[in-house]
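Subject: Structure handed over, with a summary of findings

Dear colleague,

Please find below the structure that I am passing on to you. My notes on what was found in it follow, and I would ask you to read them with the structure open beside you.

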Amino acid sequence: MPDTQALVNEFVVKLKRRKVEGSHATARLTAELLRSVISQQRVPYTNQAGVLIEAVKAVGEQLISANPVELAVGNIVRRVLHIIREEDLSLATTAIGGLNLSAGSDDEDDAELDDRTVLSAAAVAAAARSTLRAPSLHTLLEDIPDSVAAPHTSSSGGDSEGKSKSADKNSRTRKLKHDVIEAINELIQDIDTCHEQIAEQAVEHIHQNEVILTLGRSRTVMEFLCAAKEKKRSFRVFVAEGAPRYQGHVLAKELVARGLQTTVITDSAVFAMISRVNMVIVGAHAIMANGGVIAPVGLNMVALAAQRHAVPFVVVAGSHKLCPLYPHNPEVLLNDLRSPSELLDFGEFSDCMDFGTGSGAPLLHVVNPAFDYVPPKLVSLFITDTCYTTEELTPFCNFCIGNTSGAVALLLIKY
Amino acid sequence: MDPRKGKMVIDPKVRQVGFVTPGAPPDRSQSVPVESSSPPVSDMSPSGNSLSPVMIPPPRHASDNLSSSLVFQSTRPVPVPAPLSPRRRPSIGDNIMSGSYNPSESVLSSSPTQPTSSKIDDGDFSEDLSSPGWFRRGNPGKVASSFPSGGFDMTAVRSNTFPAATNLTTVSVVKPPGVSEIGEGGLVEVQNDRPPVSKSVKEKPSKAERRALQESQRAAKAAAKAEGSKAAAGGAAPVSSKSTKAVKPPAQKKEVAQVAVSEKKGTDRPPEKDRKKDVPHPRMQFDDKQRVEKAKRRAIVKQTEARNRVELFRHLPQYEHGTQLPDLESKFFQLDPMHPAVYKVGLRYLAGDISGGNARCIAMLQAFKDAIRDYSTPPEKALIRDLTAKIGSYVSFLIECRPLSISMGNAIKFLKNRVAKLPLTLSESEAKATLQSDIDRFIQEKIIIADKVIVDHAVSKIRDGDVLLTYGSPTVVEMILLHAHELGKQFRVVVVDSRPKLEGQALLRRLVAKGLSCTYTHINAISYIMHEVTRVFLGASSVLSNGTVYSRVGTACVAMVAHAFRVPVLICCEAYKFHERVQLDSICSNELGDPDSVAKVPGRKDINYLDSWTNSENLQLLNLIYDVTPSDYVSMIVTDYGMVRASKIVVVKLFYHDP
């Protein structure tokens with residue numbers, strides 16, 4: 001425990017200081033941290049899932065509060081909780097199946113039999129419901145509040161669970177943790193490979209001689225464009241530099257190195273140039289449940305310009321950026337204000353920032369937000385990674401591609 | 001050579017210095033020792049000379065004459081001999097030259113063959129018509145020698161018929177025979193020696209040569225009646241005989257000449273008439289290679305094409321920035337036809353010292369005013385036409401420095417209109433005075449007072465508690481904000497800025513210094529800040545007749561976001577900036593700034609990703625200066641005629657008659 005606590009603290013500090021940048025890195029680190037938390041967690045014989053969930057929740061809360069704007073942390077914590085429950089549940093159903101079999105063979109005690117069948121029927125029904133129903137962020141969300149005691153099934157289910165536990169204690173104790181860690185490993189792998197999976201779809205969306213505009217730098221976008229280039233598509237890219245971080249310059253450099261025709265423009269020229277652009281492809285910070293996008297600053301402007309000129313606005317994002325929360329006033333509440341020094345040279349403007357002048361209130365404010373909120377109506381398409389083999393991630397398969405309204409609907413139904 | 005250079009440098013600087021120029025003749029004498037090389041020069045120059053009477057509307061005849069009579073002894077005889085017979089006159093000129101030039105030449109000139117030699121030059125001239133006229137200034141001495149021919153040529157030239165030119169060429173054919181051994185040798189030499197000599201040739205001729213030209217013109221007039229017919233006859237005969245031969249040498253010369261030209265485009269200017277004729281269209285399409293080539297040959301400003309031009313903007317000039325200025329500065333003293341005030345303004349445009357529609361326009365008008373003040377109509381010219389041509393040449397120079405803004409175009413139109421409408425009865429000084437006062441009035445009424453009216457209108461739209469957003473650094477809006485502050489209104493200002501110019505910082509500093517409460521942000525954060533904004537005030541470079549606002553790049557973004565957030569957008573624009581043109585996008589007509597300023601982020605040393613990549617042919621940097629805001633984003637346009645909806649801008653335009 002103490003060593004995991006140290007790890008957690010270290011990560012919390014990093015998040016607080018914004019040392020970890022980019023939702024991809026954050027997601028990966030979070031998953032790794034949770035994995036080590038789980039592996040270090042000592043589990044009792046009973047109610048192992050509850051203990052694990054408890055531990056993950058405790059850590060997750062710390063992480064989320066460390067940087068509430070970094071929604072990927074919350075997404076991964078939820079994902080891990082979901083994995084624990086799924087594994088627990090699948091173990092339970094196999095156990096129930098065994099029980100049923102034994103019950104069927106045992107027909108001496110009628111009353112007991114009746115009781116058993118009723119019980120097992122209820123348990124199987126519950127189990128079936130929860131397995132048949134596609135596991136989704138919605139269930140994850142629902143389950144967060146009441147997690148400790150066996151959450152998904154009815155009380156009778158809990159009963160049967162207890163019985164099944166007692167039936168094969170030894171195998172289960174080891175198995176649950178092992179399965180959970182396996183699943184988390186898969187999750188980490190998915191996070192790592194999301195770029196490639198998204199990039200695979202590039203050829204379907206980029207045609208010959210296309211003109212693409214993007215703003216700032218996103219690794220997903222970069223890989224997306226490069227994948228299309230590797231498939232011998234020739235197209236041109238306009239890169240808006242993305243002040244005040246000028247990550248667009250980095251992207252331009254990378255694209256040029258791969259032999260793409262790249263034009264760097266200032267952010268202010270976006271409106272002027274968008275009339276000659278076929279498609280806008282951008283990365284995102286997070287995708288909210290309503291289909292809105294928390295994106296690097298400046299993208300709302302780009303999206304509005306794209307809408308004005310009927311240019312498709314495509315958001316590429318790994319599924320770790322899909323967030324089951326509904327945004328409220330996201331421009332303010334889900335935003336980071338960065339240092340003014342990125343905009344103004346303190347040396348030059350030190351006299352203007354003097355608090356002593358006039359009424360004592362500073363005359364000059366410098367606003368340097370990090371994110372923009374793009375409402376769902378401005379987004380034409382989300383492209384996320386599709387190829388999830390594991391069952392618990394099926395919702396995202398349906399989500400992979402769809403137009404805005406479709407995406408919103410999917411989010412509503414599936415989560 | 002060097003001393004002469006120094007002198008040359010001095011003279012264009014101040015007009016009067018021209019009188020002192022006679023440096024040229026002495027040079028000649030100095031160059032005498034270099035005889036071997038000089039003959040070619042003489043060969044070349046005559047052609048130039050003969051050319052000049054045709055093409056150059058010599059700008060300052062009077063002064064030149066004076067100067068020539070005062071200083072330029074060699075030429076002085078020339079004006080006098082005008083009445084004399086052509087034969088005689090040339091001999092004088094040649095004698096003078098002969099000392100410096102080529103004995104053979106002098107022999108030629110004195111010999112009866114003289115006219116033929118002069119004609120040779122003319123032949124060259126015809127060839128050279130296409131090439132820039134720098135070497136027109138060949139050398140004064142030669143001019144003198146070519147006089148007779150020039151005299152009779154004049155008739156032909158006057159009529160401007162091509163046959164005349166061809167005749168001349170053929171005449172030139174005659175020369176080789178006339179000169180026979182010597183002449184041909186000279187020609188050969190020309191080719192060999194050209195490159196080294198070319199410089200001297202170019203620089204030598206300017207003043208003296210022009211003077212000679214003028215004189216030759218005059219002489220020609222006098223002589224034309226008497227001798228014109230005779231000479232023409234003489235010229236015509238040889239033409240038929242050896243046209244083919246003649247053609248060749250000129251061609252070679254031409255090549256040489258072009259080489260020289262390319263070496264030093266700027267030093268010599270084509271005559272104004274020529275310039276005027278080919279003044280680059282203000283909206284020249286730069287993807288038309290022929291035109292670009294033409295314009296380039298004419299250009300004063302030496303432009304090198306940008307390495308990686310943006311494909312989409314091939315039709316706009318894309319030149320290396322920062323290279324022209326030193327070059328132009330070094331030429332400051334050599335550009336004689338350019339008025340120094342105009343030249344200065346041009347340099348400041350180029351350096352980016354003056355920006356903003358009003359500032360640029362005022363600076364230009366002031367420079368024109370100075371130019372008009374110092375202007376004197378050349379004899380035998382109509383002030384109206386010559387001045388228009390002159391202004392045209394100034395304008396084309398300014399265009400080379402930086403493409404005109406629409407407001408400047410309007411101001412120029414106004415000025416030309418005024419010049420054209422000058423009553424013929426006015427004396428020159430009166431006309432100049434009227435024009436100067438017209439310019440003053442324009443600046444006062446259309447710009448300064450208009451701004452005041454706009455401020456008065458716009459201030460009425462500011463209420464207590466407002467949060468006003470502005471973008472970039474529009475002067476009118478700054479005046480509005482300061483005025484509102486003086487009126488004691490309580491409001492906050494949001495200054496939105498964008499790369500690469502970051503003009504907002506200067507505005508911010510000025511506003512904060514005046515005690516206004518400001519918020520500063522960059523254009524990407526516009527959606528964030530727009531929540532708290534209640535009004536958007538923007539400036540404009542121009543308002544087009546479909547209500548489209550042509551303005552600093554980024555204005556459209558700001559207006560769009562404001563529109564999306566239901567914040568009213570007020571565009572402040574003086575009525576003189578309105579234009580009847582229509583534009584749908586920002587690409588057909590725009591201006592490109594220095595691309596390198598996109599790659600470099602001043603003050604952020606950590607951002608140097610593109611430093612080593614700017615040479616990669618896959619990377620292009622685009623620095624647009626303007627963009628176009630659709631009229632539906634604009635709630636209101638504040639002009640000196642009142643406040644109107646953007647869609648009704650045509651109405652304003654209708655009522656707004658060009659001054």
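This is a predicted model: local features need pLDDT of at least 70, side-chain atom pairs count only at pLDDT 80 or more; totals for chains, interfaces and linings use all residues.

The axes of helix 18 (residues 383–401) and helix 19 (residues 406–420) of chain B come within 9 Å and cross at roughly 165°. By the convention above, helix 18 and helix 19 of chain B are therefore roughly antiparallel to each other. Helix 18 of chain B passes helix 19 of chain B in a right-handed crossing. On the side of helix 18 of chain B, the contact is made by B:I384, B:L387, B:T388, B:I391, B:G392 and B:V395, and these meet B:I412, B:L415, B:K416, B:V419 and B:A420 in helix 19 of chain B. Sorted by class, the residues of this contact are eight nonpolar, two polar and one charged.

Helix 19 of chain B also packs with helix 20 of chain B, at an angle of about 150° and with the axes 10 Å apart. Helix 19 and helix 20 of chain B are therefore roughly antiparallel to each other, and their crossing is right-handed. Here B:A411, B:F414, B:L415, B:R418 and B:V419 in helix 19 of chain B meet B:L435, B:D438, B:I439, B:R441 and B:F442 in helix 20 of chain B. This contact has seven nonpolar, no polar and three charged residues.

How do the directions of helix 20 and helix 21 of chain B lie to each other, roughly antiparallel or oblique? Helix 20 (residues 428–459) and helix 21 (residues 475–486) of chain B pack at an angle of about 55°, with their axes 9 Å apart. The two helices of chain B are therefore oblique to each other. Helix 20 of chain B passes helix 21 of chain B in a right-handed crossing. B:D451, B:I454, B:V455, B:D456, B:A458 and B:V459 in helix 20 of chain B are in contact with B:V476, B:M479, B:I480, B:H483 and B:A484 in helix 21 of chain B. Of these residues, eight are nonpolar, one is polar and two are charged.

**A sheet in each chain**

In chain A, three strands form an open sheet in the order 5-6-9, with antiparallel pairing. Strand 5 (286–287) and strand 9 (371–374) of chain A each have a single partner strand, so one side of each is left without a neighbour in the sheet. Strand 6 (residues 293–296) and strand 9 of chain A run antiparallel and are joined by four bridges. Within strand 9 of chain A, A:V374 stands opposite A:V293. Helix 13 (residues 299–308) of chain A packs on this sheet, where it touches strand 6 and strand 9 of chain A, and its direction makes about 30° with that of strand 9 of chain A.

In chain B, an open sheet of four strands has the order 8-5-6-10, with mixed pairing. Its edges are strand 8 (578–579) and strand 10 (626–629) of chain B; each has a single partner strand, so one side of each is left without a neighbour in the sheet. Strand 5 (residues 542–544) and strand 8 of chain B pair in the parallel sense over two bridges, and the bridge partner of B:V543 in strand 8 of chain B is B:F578. Helix 24 (residues 555–564) of chain B packs on the sheet and touches strand 6 (549–552) and strand 10 of chain B, its direction making about 30° with that of strand 10 of chain B.

**The contact between the chains**

How many residues does each chain bring to the contact? Chain A gives 57 residues and chain B gives 60 residues. About 4,900 Å² is buried between chain A and chain B, and carbon and sulfur atoms give 63% of this area. A:S268, A:F271 and A:L363 supply 13% of the area that chain A buries against chain B, more than any other three residues.

**Backbone details**

The peptide bond from A:A243 to A:P244 is cis, with omega near 0°. A:P244 is found in the loop between strand 2 (236–240) and helix 11 (247–257) of chain A. In chain B, a cis peptide bond joins B:R499 and B:P500, with omega about -5°; B:P500 is in the loop between strand 2 (491–497) and helix 22 (503–513) of chain B.

Yours sincerely

Conventions: Residues are numbered from 1 along each chain as its sequence is written. Chains are lettered from A and ligands numbered from 1 in the order in which they are written. Side-chain values use heavy atoms; hydrogens and water are left out. Axes are lines fitted to C-alpha atoms, for helices over the stretch in contact, and angles run from 0 to 180 degrees between N-to-C directions. Angles under 35 degrees count as roughly parallel, over 145 as roughly antiparallel, 65 to 115 as roughly perpendicular and the rest as oblique. A crossing is left-handed if the near helix is turned anticlockwise from the far one by less than a right angle, and right-handed if clockwise. Contact means heavy atoms within 4.5 Å. Ala, Val, Leu, Ile, Met, Phe, Trp, Tyr, Cys and Pro count as nonpolar, Asp, Glu, Lys and Arg as charged, and the others, Gly among them, as polar. Two strands pair if DSSP finds at least two bridges between them. Buried area is the accessible area (1.4 Å probe) that two parts lose on being put together, summed over both.
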